[in-house]
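Hello,

As promised, I am passing this structure on to you. Have a look at it first, and then read on for what turned up.

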Amino acid sequence: MPTPASAAAVPAAAASAVAAHAAAAFDATLDHLARFLRVPAISCDPAHHADVRRLAALVRDDLAALGLARARVLELDDALPCVAAEWMQAGPDAPTVLIYGHLDLQPVKGETWTSPPHEATVRGERLYARGSADDMGGWVSHMAAIQAWLAVEGRLPCNLKLLIEGEEEVGSPNLERFMDAFPDAFDSDVMVLTDCENPSPEIPGLTVSLRGLMELRLTCRALSADGHSGLWGNMVPDVSMALCMLIARLSDADGRLKLGRQQVDPAWRQDAWTVPLTADVIAEGAHLLPGVRPVPDRGTPPAEWLWRQPAVTVVATTLPDLAHKKNALRKEASAVLSVRIAPGQTREELREAIAAALLAEPPGGVQVELTDESFSGEGWLYTPKGPAFEAADRAYRASWGRPMVQIGVGGSIPFVALFGRRFGDLPLILNGVMDPNTTAHGPDESLHLGVFRKAIAANVHLYAELGALGRAGVRG
Ligand SMILES: [Zn+2]
């Protein structure tokens, strides 16, 4: 492969020719993806850790075969590996773009799939398999773009590093240790984190916010032993009822958390109405039963409810279960509340508001205790501005016919919060190949083939646009 003498910007016409090459190679790319999808690299199940390692070796070998340098498996004690590789021949004046993705998968246990979950199956415009969109299609979209650049031009328009993690689906518990142990694998000028959503197959998404997550345990106690409900009912508190009454204090009449609501920027709110989260999209994406409608928006855009406001869900209780029915007042009852923290809100302020509501004047005089069960991280709110995002807009116009729309994520993605904390001074471009019908983490996970095509083309153009800015220009 020729080594370019200088880091001269690649003309836009070259990017179009490369994108055309990638489009012509699309079927081969699907075959490539299918090979990875066959590996059940499920990180939460130790029985599949050998598969994660097998996939890491397979991806390393493919990246080396693609023409990338230093393709390697990064190992740390007590961690599943990351794969890294790079192409640094664009010279010192070209920016270095870090691409992040993850190898590992969510389990499929207990799910009913239309076709085998670890076999790529195309039906209509979608490819079905666990990991198709979350996240193998994400990093394969980069492999396809790299392959096309090297095939057509013999070079990339920027320096590039790939970092593919093995533990994203278990919360990236060791990613920061990898950052500390292998700083060179992360050292870059701009980061493209490809494990996020698009609001529709026609609208590319740029993720700029996350909600944080904490779990609180609420316990009600009244008796030292269970008591006869016929003998004592009405004069002795029922802790199960008290627990339900306390939880109900947190919600409004629609069942939404009524505490800790955030003021959002009016201009942002106006834009949020244009996000196509219609009742039908929500009904299909969330598997609502026939006749069940989304919770009324009450004049607030659904996107705001999902991304910018706090929420609470009861995720576990010790309420008497159907199998252990008895005519008794129970001595204690607990619930675990999963609390989504709004971007820009602190864990402390939301916890304080919830504690104030739950601990005041307990029903029936029961003892009430609120303890911290877990904390996965604060929310994250990012302002994308500067030349790298203008470059991304141009790349998406060329590939999708429109710039990226700023979106949020209602969930808490630890790797994003971590990158935000460690590298928040760099341009962070959070894109991906998921769409509202992907059902990531669920049965029949799928990748929209049109989205995949456009994602590959977007990568082709993005490398060129970022490269054209030069290293000094990319950070603005
Ligand atoms: Zn993912």
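A word on one term before we start: a residue is called buried when its relative accessible area is under 20%. Please also keep in mind that this is a predicted model.

Asp-134 sits in helix H4 (residues 132-153) and Asp-195 in the loop between strands E7 (190-194) and E8 (205-210), so the two tie together parts that are 61 residues apart in sequence.

The largest nonpolar core holds 105 residues, and Leu-163 and Phe-419 have the most contacts inside it. Helix H15 (residues 449-474) supplies the largest share of this core, 12 residues. Among the residues that Phe-419 touches are Leu-98, Tyr-100, Met-191 and Leu-428. Another core, of 23 residues, lies apart from that one and includes Leu-250 and Ile-354.

Finally, there is an open sheet of four strands, antiparallel in its pairing, in the order E11-E13-E9-E14. Its edge strands are E11 (311-317) and E14 (367-377). E11 pairs with E13 (residues 332-341) over six bridges, and Val-312 stands opposite Val-339 in E13. Helix H12 (residues 347-359) packs on the sheet, touching E9, E13 and E14.

Enjoy exploring!

Conventions:
Residues are numbered from 1 along each chain as its sequence is written. This is a predicted model: local features need pLDDT of at least 70, side-chain atom pairs count only at pLDDT 80 or more; totals for chains, interfaces and linings use all residues. Side-chain values use heavy atoms; hydrogens and water are left out. A nonpolar core is a set of buried Ala, Val, Leu, Ile, Met, Phe, Trp, Tyr and Cys residues joined through side-chain atoms within 4.5 Å. Buried means under 20% relative accessible area, exposed over 50%, partly exposed in between (1.4 Å probe, protein chains only). Contact means heavy atoms within 4.5 Å. Two strands pair if DSSP finds at least two bridges between them. Axes are lines fitted to C-alpha atoms, for helices over the stretch in contact, and angles run from 0 to 180 degrees between N-to-C directions. Lists of a residue's contacts leave out its neighbours within four places in sequence.
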